[in-house]
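Please open the model in your viewer and keep the sequence beside it.

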Amino acid sequence: MRRGGNSTRTGLGERLAKSITYLRRFGALRRNARLYLISNTIQAVTAGAIAVLYTLFLSALGYNDTFIGVALFVGAVGGGLGILPANMLVKRYGWRAMLLLSDLIGGVAIAIQLLIPTPVVTLITMLGVGASVAIFLVLNTPFLTANSAPQDRTALFALTNALGFLGAVTGTLLGGFLPVWLATPAIAHSAPLLALQPLLVHNSQAQNYQLALLISGVIAVPSIWPAWLLRDAESDAPPSAAALTDASVSTIPWRERLAQWRATAVRVGRGVIGRFSASQVLVGFGAGLFFPYLSLYFVKELHATTAYYGAFSAALTVLLAVSSLASAPLADRFGRARVSVVAQVASLPFMIVCGAVPILLVVSVVYLARSLLMNITGAPLQALLMDAVPHEERIVASNVYNVSWQGAWAVGAGIGGGLISLGGYALPFYLAAICYSVSAALLAYWFWRH
């Protein structure tokens, strides 16, 4: 017994030491990878605040759960529209230009939506927000893969997720406490806020959310500088003008091109990419059912304050960062697919309790446990997919993988809002648990021995 206990403690110590080693690798990463991580971490602050405040802002404006679901669905449609041309555009203009384009589209769309939050403007600008996020998602995994050595890849994915989550801690705290701070008389009646009144909504609660979101958006502006400093590698640089006008491409008959695309689609659908995407359709749909409405669930149903939800989100983000770091050594020891499947299955009871026991403290604890387990699956699956496909298919793999998740998430978000309006918040959690269990079964069937 003593020997087993010592072995367990030694194993945990080794995993912790390995996670710390991954953090120390930051200085040894390639220049592009370091700049990219810095930019992402800054943007994570804004993303964390938006995650806390956005649906609360729409709800405070008087929009019901069904409209919020429609807005989220439109955003995911914009994501699909952004994903489709991303592969072609990155080959033509390079990584840096597309990352900067993503930032520009998202920043302008969010600014317009916050300043003119009418239903029509909200839906139109959600297309831009979705396209911005989709371009980033498509570029993220291939960019990290292209700017890392094979032996560092899993660690880099884990470090990217961990730094993003740690950056989001600040954002979630800001999202929770900024509305409370802005509501204090000394701040609410200060000269700067009074000068902004003509640009703001008249509902006092919605106005506090609006100001907090605007402040959070300004925080993301410095992230443009490290993105601007990125360099396209020679193999990833935009093609020459001669390549763009190659007659051998332009003279292929359209019927032959259509046949080639159809053959590629069949090959992708039946291969590793299709299998990964099938599992992500289920996860994306399940996540869409409940995740966009989590802040509403806590504040409206469980009667949490925005400050409580902000602190809860910050604690959740810290746990996610820890689980992201832990995922790399766990995947190295037990296998990427096996760790992902076991963690996903272990999260299911906690998800069911989230809907079955609507008590604030209980939901807070079990949702933290659920999220910690599910997040362990992220980095190992990304690395497994990138290593399982040829180099020339990595952007295609990322496109299909993210289109599958985004499209399913969009459908789930639209259905989730309707389900909540009709029957409350419990049913989306139950349906999501079913989707996650089927996804885990498929991953185990296809990749357990990988």
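Which residues line the largest cavity? Select Leu289, Phe290, Tyr293, Leu294, Tyr297, Ile420, Tyr425, Pro428 and Phe429, which form that lining. This is a predicted model, in which local features need pLDDT of at least 70 and side-chain atom pairs count only at pLDDT 80 or more, while totals for chains, interfaces and linings use all residues. Residues are numbered from 1 along each chain as its sequence is written, and side-chain values use heavy atoms, without hydrogens and water.

A cavity is a set of points on a 1 Å grid over the protein atoms alone where a 1.4 Å probe fits but cannot get out, and lining residues have an atom within 4 Å of a point. The largest cavity has a volume of about 40 Å³, taken as the space filled by probe spheres set on the points. Its lining comprises nine nonpolar residues, with no polar and no charged ones (Ala, Val, Leu, Ile, Met, Phe, Trp, Tyr, Cys and Pro count as nonpolar, Asp, Glu, Lys and Arg as charged, the others as polar).

H14, helix H15 (294–301) and H21 each give two or more residues to this lining; helices are DSSP runs (H or I) of at least four residues.

Next, select H14 (residues 272–290) and H21 (residues 426–447), whose axes, lines fitted to C-alpha atoms over the stretch in contact, come within 7 Å and cross at roughly 165 degrees. The two helices are therefore roughly antiparallel (angles over 145 degrees).

Finally, display the side chains at their contact (heavy atoms within 4.5 Å): Phe285 and Leu289 are among the H14 residues there, and Leu431 and Trp446 among those of H21. The contact residues divide into 20 nonpolar, three polar and one charged.

Definitions and conventions
Axes are lines fitted to C-alpha atoms, for helices over the stretch in contact, and angles run from 0 to 180 degrees between N-to-C directions. Angles under 35 degrees count as roughly parallel, over 145 as roughly antiparallel, 65 to 115 as roughly perpendicular and the rest as oblique. On a 1 Å grid over the protein atoms alone, a cavity is a set of points where a 1.4 Å probe fits but cannot get out, and a pocket is an open set with protein on both sides within 12 Å along at least five of seven lines; lining residues have an atom within 4 Å of a point.
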